[in-house]
There are 2 protein chains.
Amino acid sequence: MSVLVVGSIAYDGIEAPAGKVDRTLGGSATYISVAAAYFARPVRLVGTVGSDFDKKDLKFLKDHGVDLEGFRTDESGLTFFWKGKYHDDMNSRETLDTQLNVFEHFDPVIPEVYKGSRIVCLGNIDPVLQLKVLDQITQAQLTVCDTMNFWISGAREALEEVISRVDVLIVNDEEARELTGESNLIKAAKIIREKGPKYLIIKKGEHGAFLYSEQSVFAAPAYPLSTIIDPTGAGDTFMGGFAGWLSWSDRISEENLRRAVIYGSVMASYCVEKFGVERLTALNRFEIDRRYDAFRKMSVIPERT
Amino acid sequence: MSVLVVGSIAYDGIEAPAGKVDRTLGGSATYISVAAAYFARPVRLVGTVGSDFDKKDLKFLKDHGVDLEGFRTDESGLTFFWKGKYHDDMNSRETLDTQLNVFEHFDPVIPEVYKGSRIVCLGNIDPVLQLKVLDQITQAQLTVCDTMNFWISGAREALEEVISRVDVLIVNDEEARELTGESNLIKAAKIIREKGPKYLIIKKGEHGAFLYSEQSVFAAPAYPLSTIIDPTGAGDTFMGGFAGWLSWSDRISEENLRRAVIYGSVMASYCVEKFGVERLTALNRFEIDRRYDAFRKMSVIPERT
């Protein structure tokens, strides 16, 4: 199944206890596409960059198998730039600089050939733009949406409409609580699912993720990493692995959604092992599958005796 | 296999968002024994109470199947009393009152017939007392130990000796970090296991628990409860379910340890549904097994396609 990805493409500056990088390819659409492209064909990227976008980054995306018909270069300005710093425990980060640049005027125009995409990934951007995307697509089997606190507090009305129209919402535990005013995640999940999404994924960072559906709750563990270099993009990468694998499997079922959550977790666990997308540029399906099996092994509860 | 439980027996006063109780049976040894007695025979309790200990509580323990040859009534004073208050999110609690009373002079003397107990549960008490217990037992197949921050900072040397001598250490994530000075749990687990315990269980409250052994890591989910009335004793109850089920299974193996972690989690999930030990007084094996199966269902990662 084809995968459409809409989101930001950026350059990131990242400071973390393990070191720093001044400028590396980032943005939600980048992480999602790069992760999804390990599984899905075609992966169609809609995003905008500025005049400073590096040809080698463009080449990387192309060589990695990302379809760039929806990729736009806006020569009137520079690429979105974000700079952040992670503190010692890696659980808190501070934004040091945000330059929206050409991303400020991003208007997602979906190319005709992309409109029939079967799986649609709405990266974490203004919900008003996410709605514009939903208005243009025609044959989606599964729409998957990410968001963040910034939009929950700042663009609530549009976000509520997005939530009422998508099939899968992906948020973290804090966002689920903020979205509902309910501190208990089980109750929060129920409230969110009643807003529309058939499936809800609540990510809990180092504590794994929950997948809630009509039929069941699935508790996915996180991969126990002894070293985390850079968490940037891990959530987007999760979405890319999730949507990409589902696309590859060619069937949306309860069982496959569980597998997809684990493939999303696998990709996210690789993502954080190096700065930026670096670790995601040179994986192979064999090692991805091996880590999937490690997740399984770690989670097996034997039958009762 | 016989189970020996050594710890505190107390009366607790508990305030929580859901209500309050002025005086209810509590203490680590109580919760451990009551949970273990659903599986194991005999469950042998070593603890001390004061002159105010209620006959109906004694009758309850007896009727529940707890062997009380090691139970002592010290007429010179009152039973250990603790009073605490849980805040809205249930994750933080405040101690309002602690009256050690006769527990201050608790000296665990293990009755002759108890010394050959096969599974030994050291509840969360002064590690100096835990060592005294270890010195008296002769045929333990598995020693299981709980502790808390108070002893990590206040009785470090004795605690390190306990840790070097037990088979299973059970701590929560904060305690694991404090014990090692290492914020990453994987690294902390490695450091702790090098101190001696063959198995380490790190409890993460609503995020489940990890079981670390030589061979593997097991990630157990927590049961998704929409209402938590009173978390008091949940950790002790976990230990009781863990040790009790292992005793019932009659075989210490990697697979059975995983099952035991889930049975511990099942019992803890019941414990928090009502105040004090109330929910633990009227369970049956059928509903316990049903919840075990719910844990399994929630955790199943399908094989790769």
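Two rings of Phe, Tyr or Trp form a pair if their centres lie within 6.5 Å. In this predicted model, such pairs link A:F39, A:W245, A:W248, A:Y263 and A:Y292 into a cluster. Over all chains, the structure holds 24 aromatic pairs.

The ring centres of A:Y263 and A:Y292 are 4.5 Å apart, and their planes meet at 25°, so the pair is stacked. Planes under 30 degrees apart count that way. The two residues sit 29 residues apart in the chain, A:Y263 in helix α9 and A:Y292 in helix α10. Are they buried or exposed? A:Y263 is buried, at 1% relative accessibility. A:Y292 is buried too, at 0%.

Now turn to chain B. There the rings of B:F210 and B:Y212 have centres 5.6 Å apart and planes at 45°, so this pair is tilted. B:F210 is buried at 7% relative accessibility, and B:Y212 is buried at 5%.

Next, look at where the chains meet. Chain A and chain B each bring 37 residues to the contact. Together they bury about 3600 Å², with 56% of it on carbon and sulfur atoms. On chain B, the trio B:I301, B:P302 and B:R304 supplies 20% of the area buried against chain A, more than any other three residues.

Polar links cross the interface as well. There are 21 residue pairs in polar contact and six salt bridges. One salt bridge joins B:R304 to A:D293, with the closest N and O atoms 2.8 Å apart. Which helix of chain B gives the most to the side that touches chain A? It is α10(B), with eight residues. By class, that side of chain B has 17 nonpolar, seven polar and 13 charged residues.

How values were computed. Residues are numbered from 1 along each chain as its sequence is written. Chains are lettered from A and ligands numbered from 1 in the order in which they are written. This is a predicted model: local features need pLDDT of at least 70, side-chain atom pairs count only at pLDDT 80 or more; totals for chains, interfaces and linings use all residues. Side-chain values use heavy atoms; hydrogens and water are left out. Contact means heavy atoms within 4.5 Å. Buried area is the accessible area (1.4 Å probe) that two parts lose on being put together, summed over both. A salt bridge is a side-chain nitrogen of Lys or Arg within 4 Å of a carboxyl oxygen of Asp or Glu. A polar contact is a pair of N or O atoms within 3.5 Å; within protein, one must be able to donate a hydrogen and the other to accept it, and residues adjacent in sequence count only if both atoms are side-chain atoms. Helices (H or I, at least four residues) and strands (E, at least two) are DSSP runs, numbered from the N terminus. Ala, Val, Leu, Ile, Met, Phe, Trp, Tyr, Cys and Pro count as nonpolar, Asp, Glu, Lys and Arg as charged, and the others, Gly among them, as polar. Rings of Phe, Tyr and Trp (its six-membered ring) pair if their centres lie within 6.5 Å; planes under 30 degrees apart count as stacked, over 60 as edge-to-face and the rest as tilted. Buried means under 20% relative accessible area, exposed over 50%, partly exposed in between (1.4 Å probe, protein chains only).
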